[in-house]
Amino acid sequence: MPKHYLFYVEQPYSFAILRPLQDAIRANGAIVKWFLKGQEVASSSLRDDELELTTVEAVKAFNPRAVFVPGNVVPDFFPGAKVQVFHGLEYKKKGHFGIRGFFDLYCTHGPLTTKPFEALAKKHGYFSVIETGWPKLDPYFDYTKCNNEKPVLLYAPTFSPNLSSLEALYEQVKQLAKSGDYKIQLKFHPKTKTQWQELYAQLEAIDDFEIAGDDNLIPLIQQADVVISDTSSAVDESLLIGKPVITFNNHQPQDALINITDPQQLPAAVKQALTLSDTQKARIEQYILQVHPYRDGQSANRVLAATEAVIDTGLKRKPLNLIRRYKIRKSLNYMKMS
């Protein structure tokens, strides 16, 4: 009988993260199904060959060996090991190392995240940490660089009000688009405030400005010559596939970044990024080795192998976590104790 696995999804970006893992599961002759929760995701986002479960009872009947989660919570009453695969690479954001009592396994991406989570595992004692790399990146290391007619600048800011550059960089982004020297693509985070989205929508009247609608950021990064951001997972995703990154007031700027603190510095930073020095290229390479050293396209297989290893070892009892468990039961209208 084939093994069963479940994907638990609350945000649109989860589809791109989990689909390489779906491919690995299917290649092993197993079955995977999806459970979508909340108003941010819809069944229409699933492909024709992707199978959805819509009730808790259906999940229990399916009886998955493991539930893979790119978010912070998962129903404790779903069967199977609970596996955190993370929604991004941005370890600097508040809460990235928060332990909420839901997971049996954390699949980390590289030494910068593995070491802190290993320390937390030693402290808490009920979950495992295995470095696997991030499945989302598996399909994207082997690609041909685009020969763009004019340099493409991808602007991918975060949504967090205290971290986002959207307000600060508006005028500079507008001027870069109007210059005619660049093509600018803007990719909003799904949680971006409506007022900011409406502000930038005004720029779509400019020929060289476009708001991208694709849920998957990686193909946009591949097409770009330079990525502009702030403190977002787009920063690391871009560096990992060889793109120079300009950040505005990055929370913890590394040498691999071209970080600016004044919006007026953006035009000069763009020119610097388009003529990247050998020193800067070396800094990017060193950073990659710490954040995500895996460039073989096999992270999904490592996640699956790590999951099976933890299941074989035996799952440990997790904290009662009563308040969080109650909230998720209430949100799913499921108050049974079994």
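This is a predicted model: local features need pLDDT of at least 70, side-chain atom pairs count only at pLDDT 80 or more; totals for chains, interfaces and linings use all residues.
**View 1. Helix α1 crosses helix α10.** The axes of α1 (residues 14–27) and α10 come within 8 Å and cross at roughly 65°. Axes here are lines fitted to C-alpha atoms, for helices over the stretch in contact, with angles from 0 to 180 degrees between N-to-C directions. On the α1 side sit Pro-20, Leu-21, Ala-24 and Ile-25, meeting Ala-300, Asn-301, Val-303 and Leu-304 of α10; contact means heavy atoms within 4.5 Å. That makes 7 nonpolar residues, 1 polar and no charged (Ala, Val, Leu, Ile, Met, Phe, Trp, Tyr, Cys and Pro count as nonpolar, Asp, Glu, Lys and Arg as charged, the others, Gly among them, as polar).

**View 2. An open sheet of 7 strands.** Strand order is β3-β2-β1-β4-β5-β6-β7, with parallel pairing. Helices (H or I, at least four residues) and strands (E, at least two) are DSSP runs numbered from the N terminus, and two strands pair if DSSP finds at least two bridges between them. β3 (51–52) and β7 (128–131) are at the edges with a single partner strand each, so one side of each has no neighbour in the sheet. β2 (residues 31–36) and β3 pair over 2 bridges, and Trp-34 has Glu-52 in β3 as its bridge partner.

**View 3. Helices on the sheet.** α3 (residues 111–124) lies across β6 (105–108) and β7, at about 165° to β7. α10 (residues 299–313) touches β1, β4, β5, β6 and β7, and makes about 135° with β4.

**View 4. The largest cavity.** About 30 Å³ of space lies here, lined by Leu-89, Tyr-91, His-109, Leu-112, Thr-113 and Val-291. The lining has 4 nonpolar residues, 2 polar and no charged. A cavity is a set of points on a 1 Å grid over the protein atoms alone where a 1.4 Å probe fits but cannot get out, and lining residues have an atom within 4 Å of a point. Grid points are joined across faces, edges and corners, and a volume is the space filled by probe spheres set on them.

Notes:
Residues are numbered from 1 along each chain as its sequence is written. Side-chain values use heavy atoms; hydrogens and water are left out. On a 1 Å grid over the protein atoms alone, a cavity is a set of points where a 1.4 Å probe fits but cannot get out, and a pocket is an open set with protein on both sides within 12 Å along at least five of seven lines; lining residues have an atom within 4 Å of a point.
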